[in-house]
Amino acid sequence: METVVIAGLGLIGGSLARNIHMHQDVHLIGVDQRESTLEYALQHHIIDEAMTSFQEAASKADIILLAAPVSKSVELLLQLDSMDLQKDVLVTDVSSVKGPIFQQAAAMRSGKITFVGGHPMAGSHKQGIEASKAHLFENAIYVMTPVQQATDVHIDRLKQLLSGTKSTFITLTADEHDEMTGVVSHFPHLIASALVQQAKKWEAKHSFLPKLAAGGFRDITRIASSNPGMWQDIFFQNKEKMAVLLDDWIEEMQTFRSLLAEDKSEEIHTYLTDAKNYRDGLEPRKKGAIPGYYDLYVDITDQPGALQKVLAIIADAGLSIVNIQILELREGLTGVLRLSFAEQKMQLKAKGVLEVFGYEVKIQD
Ligand SMILES: NC(=O)c1ccc[n+]([C@@H]2O[C@H](COP(=O)([O-])OP(=O)(O)OC[C@H]3O[C@@H](n4cnc5c(N)ncnc54)[C@H](O)[C@@H]3O)[C@@H](O)[C@H]2O)c1
């Protein structure tokens, strides 16, 4: 039986450990610097064996999964290179930035190590093993960044180990990955934090301001509540791409400022329309309220019984909902109800019947 070592049993390492333990016939060793995390993992049968020494665990491993913070995973890979390993080992990671670990992997001296980088692109604003879930990566994109020496055999072995996650695997270079995640993940995180900082500053003048921070502000800044330590690490590890994106953003804001100052209302309309069209054309998210289900967004008003009316229409049509969530509802304003269905045909049928009753319904949020 093969031995798999997961170093770093937090949200991501813990979720992968749960999944691998559930779907694969391997001996699973968990390594973490926190004793309490290891105890939790053993008590909840997430791993077969716990170790505090990475070196000891690595000496037994056929496959090693590095799931510590990005900079720590780079250090662990460096440590691995200096160990006297007895057998060949396939090493992967889950880091949100691929450049630094990839450079380290490409410079490895040990002939026993083959590195295939990985980034499961799903997460949560929570951290730690207590927040881990076996199904966290269902329908998520799982990026792989193999080094040149890695063969299809290595990549296929890793995909097989992770097959229970039900992720979609794609291969990118580390540079492509860091540039794209910089645009769609790292930079938006910075903007969310900056918006919150701005609101905090203006609160000094308007103490009532937080009470006005309703749906839109909360939605766009939700990610600012994620693990600050992890994001600090990500920003530094992806420093060069962040600098380019910052320059880009500053230039764009200056252009917008000039358009406003010069009363160029048509250009501003075009700018906003372009953004709307691009946003509306983005592929609907596969990960919904519950991963793998089909979501429907229904506009409702804050009237007594509004929710019951929608549910009655759905029930009368013989459709069953697997999850329901009110995304935004303020006094006197429209709110959005997210209904999740197990099958696409139910989602489409529900859309049809709700539209007959005059509801505004969207498949994408
Ligand atoms: N949280 C997300 O949304 C997300 C998504 C995809 C990838 N990632 C990546 O996953 C990695 C882990 O993030 P997380 O969200 O699971 O963080 P986390 O804080 O929940 O877990 C990190 C774990 O690593 C342990 N650890 C730290 N240093 C260690 C070391 N030297 N040796 C062994 N264990 C060590 C910590 O004790 C903790 O249990 C990061 O590289 C991050 O970029 C995170």
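**Helix packing and the ligand shell**

In this predicted model, S73, V74, L77 and L78 of helix α4 meet P100, I101, Q104 and A105 of helix α5, where contact means heavy atoms within 4.5 Å. By class, this contact comprises 6 nonpolar, 2 polar and no charged residues; Ala, Val, Leu, Ile, Met, Phe, Trp, Tyr, Cys and Pro count as nonpolar, Asp, Glu, Lys and Arg as charged, and the others, Gly among them, as polar.

Helix α4 spans residues 70–81 and helix α5 residues 99–106, and they pack at about 5 degrees with axes 9 Å apart. The two are therefore roughly parallel, a term for angles under 35 degrees.

I turn now to the ligand.

A polar side-chain atom of D32 lies 2.6 Å from a ligand oxygen. For G128, a backbone N or O atom is 2.7 Å from a ligand oxygen, and for L11 a polar backbone atom is 2.9 Å from one.

Taken alone, the ligand exposes 830 Å², of which the protein buries 90%, by the Shrake-Rupley method with a 1.4 Å probe.

Local features need pLDDT of at least 70, side-chain atom pairs count only at pLDDT 80 or more, and totals for chains, interfaces and linings use all residues. Residues are numbered from 1 along each chain as its sequence is written, and side-chain values use heavy atoms, leaving out hydrogens and water.

Methods. Axes are lines fitted to C-alpha atoms, for helices over the stretch in contact, and angles run from 0 to 180 degrees between N-to-C directions. Helices (H or I, at least four residues) and strands (E, at least two) are DSSP runs, numbered from the N terminus. Angles under 35 degrees count as roughly parallel, over 145 as roughly antiparallel, 65 to 115 as roughly perpendicular and the rest as oblique. A polar contact is a pair of N or O atoms within 3.5 Å; within protein, one must be able to donate a hydrogen and the other to accept it, and residues adjacent in sequence count only if both atoms are side-chain atoms.
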